[in-house]
Amino acid sequence: MMKNTMTMGPLHGMRRALAGKPVIIVAAALFMALVLAAAIAGEAMTPYDPTYQDLGARLLPPGAIGPEGRYWLGTEALGRDVLSMLIVGARPALFVSVVAVFLAAAVGICAGVCAGYRGGRLADALLYLSNIQLSFPFFLLAITIVGILRPSVPLVIGVIALGSWVPFARVTYSDTTQIKGLEYVEAVHVMRGTTLRVLARHILPNVLPNVLVLATFALGTAIVMESGLSFVGLGVPTDTPTWGRMLSEGRDYMQTAWWLTVLPGGCIFLLVLSINVLGEQLRDYSDPKLNRD
């Protein structure tokens with residue numbers, strides 16, 4: 001079933017913003033823009049209906065022509081267009097990961113700032129708790145939790161957030177312990193500044209740049225975790241194809257239809273690589289010691 005392809009408008013300022021950047025950074029930014037466009041537009045960008053099955057066109061190789069037209073990335077075992085499935089699969093991967101990282105960052109910042117500012121037993125409790133969690137093989141724990149409680153969007157998001165909050169807490173704890181001892185913070189205490197004022201005006205603004213950089217790397221990890229849960233059948237329960245599920249369904253055809261595993265696996269790899277490359281660039285800009293420009 002053929003669909004009308006929607007023409008995307010130009011990305012204003014993209015060419016100017018990327019001028020003079022290394023090729024790998026430009027490529028990472030362009031790929032991220034493409035994935036974001038696919039996640040936002042969804043089926044409006046797909047050349048075919050991603051749920052339409054045509055057994056007469058099953059397992060066609062990339063570039064083959066079938067009853068409905070040309071399949072640029074081939075078809076899978078039920079005759080669905082792989083390109084259309086990859087496009088709509090970008091949305092659950094990004095949505096679940098972004099929300100999970102946001103929740104993990106919120107919990108980690110609150111825990112790290114409070115423990116770093118108060119110190120004492122609260123700091124010891126945070127360090128002990130984070131050490132305990134880091135000692136667990138968390139993916140196995142995630143499989144156990146989701147498997148027992150049955151998959152759902154909130155549960156998958158919560159599990160990924162549960163596995164991602166510790167680095168945020170550790171970084172904000174370390175930064176807060178350093179910042180609270182600076183002279184201008186001590187001056188606020190002398191002037192009878194409230195704890196809320198110190199945290200909101202002087203500590204949080206100084207820890208957020210490091211948190212933002214950390215969030216980019218945590219996003220890549222969350223995407224891998226979401227794909228892993230989908231691969232074992234415990235991902236987001238939806239009729240929409242996901243990259244992890246596509247990878248799982250294609251493993252039975254690795255000898256005869258390589259594109260069913262290589263293409264979704266390549267999308268996961270390139271997306272995580274692009275996020276990490278842009279995260280490194282963001283770190284260089286946020287750290288004066290690393291910024292050579």
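The text below takes the segments, then the cavity, then the pocket.

The model is predicted, so local features need pLDDT of at least 70 and side-chain atom pairs count only at pLDDT 80 or more, while totals for chains, interfaces and linings use all residues. Residues are numbered from 1 along each chain as its sequence is written, and side-chain values use heavy atoms, with hydrogens and water left out.

An unreviewed UniProt entry annotates residues 93–114, 126–149, 155–173, 211–236 and 256–279 as "transmembrane region"; such annotations may be inferred rather than shown by experiment. Two of these segments are set out here, with helices (H or I, at least four residues) and strands (E, at least two) taken as DSSP runs.

On a 1 Å grid over the protein atoms alone, a cavity is a set of points where a 1.4 Å probe fits but cannot get out, and a pocket is an open set with protein on both sides within 12 Å along at least five of seven lines; lining residues have an atom within 4 Å of a point.

One cavity of 30 Å³ or more is counted, and the largest cavity has a volume of about 40 Å³. Ten residues line the largest cavity, with Tyr 48, Tyr 52, Tyr 71, Gly 79 and Asp 81 nearest its centre.

The largest pocket holds about 250 Å³ of space. Its lining has 13 residues, and Leu 34, Leu 83, Leu 86, Ile 87 and Cys 267 are the closest to its centre. Helix H2 (23–41), helix H3 (82–118) and helix H11 (259–286) each give two or more residues to this lining.

Note on methods
Grid points are joined across faces, edges and corners, and a volume is the space filled by probe spheres set on the points.
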